[in-house]
Amino acid sequence: MTSDLATYADRINLAWNSHEVQNVLSFYSPEYVGEDVAQASLLRGVEGLRGMLTKYWRAFPDLRFAVTDTLVQEARLTVVWLAEGTHQGPFLNIPLTGHHVEVKGVSVMDVQEGLVVRGQYIWDLAGMLRHLGLLPDLQSAERT
């Protein structure tokens with residue numbers, strides 16, 4: 001089961017990087033519930049996930065994820081990742097900046113019968129805002 005879920009994580013990552021909505025949605029249950037630190041409300045069902053994917057890919061059309069670590073505990077899959085992309089469209093009410101961003105994050109997913117039923121996405125929103133030039137570099141601010 002552990003190696004199966006680790007392989008599953010790689011397959012989900014390939015789907016996300018494909019930017020093909022139906023490919024990504026095929027990994028998620030119709031009853032999926034997701035929580036993303038950048039979203040004001042829960043993502044419900046594959047339509048909620050579809051809306052999130054559309055927003056991210058519209059804002060970062062070259063968005064790519066690299067899995068840096070995978071942890072499996074029973075039916076829970078935890079994926080540590082690095083995302084990269086160029087801000088080319090509005091995101092979180094931020095107009096496009098053209099800046100390249102790198103963001104670290106963690107996804108915790110519960111898998112039942114081969115589908116993700118619950119997801120929690122925690123990522124470095126402040127780091128992304130620094131890459132977009134909207135927050136100061138904290139290390140530089142400490143020196144002044």
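Modeller: Two strands are said to pair if DSSP finds at least two bridges between them, and the strands themselves (E, at least two residues), like the helices (H or I, at least four residues), are DSSP runs numbered from the N terminus. Before going on, please keep in mind that this is a predicted model, in which local features need pLDDT of at least 70 and side-chain atom pairs count only at pLDDT 80 or more, while totals for chains, interfaces and linings use all residues. Residues are numbered from 1 along each chain as its sequence is written, and side-chain values use heavy atoms, with hydrogens and water left out.

The part I would like to look at is strand β6, which covers residues 115-123 and contains R118. Strand β5, residues 100-112, pairs with β6 in the antiparallel sense over eight bridges, and one example is V111, whose bridge partner in β6 is V116. Both strands belong to an open sheet of six strands, with mixed pairing, whose order is β2-β1-β6-β5-β4-β3. The edge strands of this sheet are β2 (43-44) and β3 (64-73), each of which pairs on one side only.

If we leave aside its neighbours within four places in sequence, R118 is in contact with Y32, V33, R76, V108, M109 and D110, contact meaning heavy atoms within 4.5 Å. S18, by comparison, is 100 residues away from R118 along the chain, and the C-alpha atoms of the two are separated by 22 Å.

Stepping back to the whole, the chain has five helices and six strands, and from the N terminus these elements run α-α-β-β-α-β-β-β-β-α-α. Among contacts between residues at least 6 apart in sequence, 55% join residues at least 24 apart, and 40% of the 144 residues count as buried. The C-alpha trace spans about 55 × 30 × 25 Å along its principal axes.

Key:
Buried means under 20% relative accessible area, exposed over 50%, partly exposed in between (1.4 Å probe, protein chains only).
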